[in-house]
Amino acid sequence: MAEEIFVSPKKKGKIAVFVSGRGSNFMAIHDAILANKINADIAVVFSNKEEAPGLKIAQQRNLETLYLNPKLYADRDEYDKEIIKELKKREVDLVCLAGYMRILTPLFCKEFKNRMMNIHPALLPSFPGLHVQKKAIEWGVKYSGATVHFVTAEVDMGPIIIQAVVPILQDDTEDSLADRILKEEHKIYPEAVRLFFEGNLEVRGRRVFIKSSECGDTQPTTRSK
Ligand code: GRF
């Protein structure tokens, strides 16, 4: 069977950002849009948590926000179907998960295949899941970092778009490492979104290539400190 190739669209895009918490990655993406670094608008900031600070910040920034209460839906599929409906209404091109703490159904992941990104505070596929800064320190790895990846139904396992490497220092605590990783997250997430709407991301199987306009070639995406 021929390999499926996806190329991201070169267009002025519409983004939905999903948050459940403080929303610093959402702000980094929005700041990059305001600085004209990303050719897109945020159509909606969505949350499964009514009190998410990120949702409040979005309101203060005069962005449209949407909260849906998971308890009002029969099951996860029904909840995710409602979100899909809301996103279609707004013609969303890309979903950016930014600290969204609810697992999305295979149905949702299929609908937004190659059109949904997540940021993870470790170098995937090492340390998927939660509390990964602590796990990286305890394991004794010398480097951790951040990963932006496309989202598939298998949590934290989708094709990797960009990674940033952060050394682990001998006196690091979970918090100090998390802070340094977060600084890198705020750089690579907007960068991945920028590349997406420049039409510069190409997905072939598990690999994501950045199309280089200068040499007409395609390069795997890499970024390090
Ligand atoms: C970040 O560390 C991100 O990598 C992880 O959740 C955290 C969200 O932080 N997925 P924020 O809400 O973007 O500040």
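Domain bounds here come from an automatic or database domain assignment. On that basis, the chain of this predicted model is divided into domain 1 (10–112) and domain 2 (119–225). Taken over C-alpha atoms, the centres of domain 1 and domain 2 are 20 Å apart. The two domains also touch: 24 residues of domain 1 are in contact with 17 residues of domain 2.

The interior can be followed next. In soluble globular proteins, nonpolar side chains tend to be buried together. In this model, the largest nonpolar core has 46 residues. Phe26, Met117, Ile161, Tyr189 and Val193 are the residues with the most contacts inside that core. Helix H6 gives the most to this core, with 9 residues. The core draws at least three residues from each of domain 1 (10–112) and domain 2 (119–225). A second, separate core has 21 residues, including Leu68, Ile83, Ile84 and Val95.

Helix H6 covers residues 174–197, 24 residues in all. From its first C-alpha to its last, helix H6 reaches 34 Å, close to the 34 Å expected at 1.5 Å a residue. Just after H6 comes glycine 199, which takes a positive phi of about 75°.

Phenylalanine 26 belongs to the largest nonpolar core. With its neighbours within four places in sequence left aside, phenylalanine 26 is in contact with Val17, Val19, Ile42, Val45, Gly54, Ile57, Ala58, Arg61, Leu63 and Ala98. The other place is serine 144, in strand E7 (residues 143–150). Is serine 144 buried or exposed? Serine 144 counts as buried because its relative accessibility is 1%, and buried means under 20%. Leaving aside neighbours within four places in sequence, the contacts of serine 144 are Pro121, Ala122, Leu123, Ala136, Ala164, Val165, Val166, Ile168 and Ile181.

Aromatic rings form another set of links. The structure holds 10 aromatic pairs. Through ring pairs, Phe18, Phe46, Tyr73, Tyr79, Tyr100, Phe108 and Phe112 are joined into a cluster. Tyrosine 79, one of the residues in that cluster, also has a charge over its ring: the charged end of arginine 102 sits 4.4 Å from the ring centre. Elsewhere, arginine 204 lies over the face of phenylalanine 209, at 4.5 Å from the ring centre.

Key:
Residues numbered from 1 in each chain as written. Predicted model: local features only at pLDDT ≥ 70, side-chain atom pairs only at ≥ 80, totals over all residues. Heavy atoms only, no water. Helix = DSSP H or I, 4+ residues; strand = E, 2+ residues; numbered from the N terminus. Expected span 1.5 Å × (residues − 1). Phe/Tyr/Trp six-rings, centres within 6.5 Å; stacked < 30°, edge-to-face > 60°. Lys NZ or Arg CZ within 6 Å of the ring centre and 35° of its normal. Core = buried A, V, L, I, M, F, W, Y, C linked by side-chain atoms within 4.5 Å. Buried < 20%, exposed > 50% of the residue type's maximum accessible area, 1.4 Å probe, protein only. Contact = heavy atoms within 4.5 Å.
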